[in-house]
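Please keep the sequence and the structure at hand while reading.

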Amino acid sequence: MKLAVAGAGAFGTGLAISLAANGPVTLWARDADAAAEISKARENVQRLPGHPLPENINVTSNLAALIDADTILLAIPAQKLGEWLKVNADHFADKRLVACCKGIDQSTLRGPVAQIEAHVPSAICAMLTGPSFAADIANHLPTALTLACNDVDEGAYLQACLSTPTLRLYLSQDVIGAELGGALKNVIAIACGVCMGAGFGESARAAVITRGFAEMRRIGTALGADPETLTGLSGFGDLALTCTSDGSRNYRFGLSIGSAQDFDTATTVEGAATAVSVSNLAQKHDLDLPICRVVADLASGKIDPETALATLLARPLRKE
Ligand SMILES: NC(=O)C1=CN([C@@H]2O[C@H](COP(=O)(O)OP(=O)(O)OC[C@H]3O[C@@H](n4cnc5c(N)ncnc54)[C@H](OP(=O)(O)O)[C@@H]3O)[C@@H](O)[C@H]2O)C=CC1
Ligand SMILES: O=C(CO)COP(=O)(O)O
């Protein structure tokens, strides 16, 4: 396998460092200055400081070097992926493209693999997702992820090539379930952050995680996911991590809303846009997703935490 990672953010850099244990990796950044800086420092000081790059990572902004790979991990934020694929589609025909971002595009309501399929129909698509902070995989801490691919043989090949002694990939054919789990857990993580930031308490957070998980299963089932996938690493596993750790930017974004603190708007917070996408999908499919709905309104500043809480508690009592 000739491997490259597109997107030299925190996760792209972490993945490159982790996978360099298996062989050479090209790490592509869109910005020439950023690529030169990372290459010279042998560290991504801006996005993943404190994690030296092994010698076999070639950092570049040269698209030709990216296209030279046969397998490309896409670590570009979900809201930007479609446009990037559209512009570069011709270069990626027949390649293995592995989506590593977590979100649902606001304008098309597509997940990352659906975006690849739409823009590069000849590509072999897969999704790599699950509980994994960039710093943890860069540190070679033990991590387990889901590798989802419709094609059994290609999936098995990717699983073998992208696993390392510390990065353990579990194989799935349920691409929709894997896409949805990663996207939705970010929305629920924001809700949990709000809950803790506003002082609603840990019991309330446990309720948000549990009822949020019910919403994940509800929409997942409606959109054709295998509910079992949502109980796995890409769903429940990532939900558990992101809803309970301030290592998560989505959770921290929620904390800032809950405690009325400023938040750096340049930070990648996938759950904010995805909450809107999910609410639109819910409307389209006539689904009741109250937590996702209030997160969309909280993230856009339409309501405050007290109003969100009152909205959720005022709902009719129902069966679990
Ligand atoms: N960080 C983590 O621990 C994890 C992140 N993820 C997922 O990985 C994805 C990326 O997150 P992460 O790396 O952390 O985010 P960062 O904010 O650290 O980096 C985003 C990267 O994407 C690049 N980028 C942004 N817009 C475009 C564009 N239009 N075209 C090409 N490149 C672009 C940025 O380049 P530039 O610097 O030039 O703007 C930057 O290199 C997200 O979907 C996230 O959910 C998944 C698991 C863990
Ligand atoms: O997806 C992640 C861990 O699995 C990272 O979460 P954040 O994007 O919230 O930081």
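In this predicted model, helix α8 (residues 175-197) and helix α11 (residues 233-242) are roughly parallel to each other, because the angle at which they pack is about 20°, which is under the 35 degrees that counts as the limit for that description. Their axes lie 8 Å apart, and the crossing that they make is right-handed. On the α8 side the meeting residues are G177, A178, G181, G182, K185, N186, I188 and A189, and on the α11 side they are S234, G235, D238, L239 and T242. Sorted by class, this contact of α8 with α11 holds 4 nonpolar, 7 polar and 2 charged residues.

Helix α8 also packs with helix α14 (residues 290-299), where the axes come within 9 Å and cross at roughly 70°. The two helices, α8 and α14, are therefore roughly perpendicular to each other, since angles from 65 to 115 degrees are counted in that way. Here α8 passes α14 in a left-handed crossing. V187, I188, I190, A191 and V194 of α8 meet I291, C292, V295, L298 and A299 of α14, and the residues of this contact divide into 10 nonpolar, no polar and no charged. I188 of α8 is listed in the contact with α11 and also in the contact with α14.

| Helix pair | Angle | Axis separation | Handedness | Residue classes in the contact |
|---|---|---|---|---|
| α8 and α11 | about 20° | 8 Å apart | right-handed | 4 nonpolar, 7 polar, 2 charged |
| α8 and α14 | roughly 70° | within 9 Å | left-handed | 10 nonpolar, no polar, no charged |

A residue of another helix also touches α8. F253 is found in helix α12 (residues 249-258), and, once its neighbours within four places in sequence are left aside, F253 is in contact with I190, G193, F263, V269 and A272. I190 is also one of the α8 residues that meet α14. F253 counts as buried because 27 C-beta neighbours lie inside 10 Å, against the 20 or more that the term requires. The C-alpha atom of F253 is separated by 31 Å from that of V87, a residue 166 places away along the chain.

The strands form an open sheet, with 8 strands in the order β3-β2-β1-β4-β5-β6-β7-β8 and with mixed pairing. Strands β3 (57-60) and β8 (167-172) stand at the edges, and each has a single partner strand, so one side of each is left without a neighbour in the sheet. On average, and with direction ignored, neighbouring strands of this sheet are turned by 25° against each other. Helices lie against the sheet as well: helix α5 (residues 112-119) packs on it and touches β5 and β6 (124-129), its direction making about 165° with that of β6. Helix α1 (residues 10-19) lies across β1 (3-6), β2 (25-28), β3, β4 and β8, and runs at about 170° to β2.

Within the sheet, strand β4 (residues 71-74) pairs with β5 in the parallel sense over 4 bridges. I72 stands opposite L97 in β5, while the bridge partner of L73 in β5 is V98. Both faces of strand β5 (residues 96-99) are covered, with R96 and V98 on one side and L97 and A99 on the other, all of them buried.

Two loop residues deserve a look at the backbone. Most residues other than glycine have a negative phi. R42, which is not a glycine, has a positive phi near 55° and lies in the loop between α2 (32-41) and β3. L109, again not a glycine, has a positive phi of about 60°, and its place is in the loop between β5 and α5. R42 is partly exposed, with 13 other C-beta atoms within 10 Å, and L109 is partly exposed too, with 15 such atoms.

The loop between α2 and β3 also holds V45. Is V45 buried or exposed? V45 is exposed, because 11 other C-beta atoms lie within 10 Å, and 12 or fewer is the condition for that class. The C-alpha atoms of V45 and A10, which are 35 residues apart along the chain, are separated by 9.8 Å.

Notes. Residues numbered from 1 in each chain as written. Chains lettered and ligands numbered in written order. Predicted model: local features only at pLDDT ≥ 70, side-chain atom pairs only at ≥ 80, totals over all residues. Axes fitted to C-alpha atoms, helices over the stretch in contact; angles between N-to-C directions. Parallel < 35°, antiparallel > 145°, perpendicular 65-115°, else oblique. Left-handed = near helix turned anticlockwise from the far one by under 90°. Contact = placed C-beta atoms within 7 Å. Nonpolar A, V, L, I, M, F, W, Y, C, P; charged D, E, K, R; others polar. Pairing = 2+ DSSP bridges.
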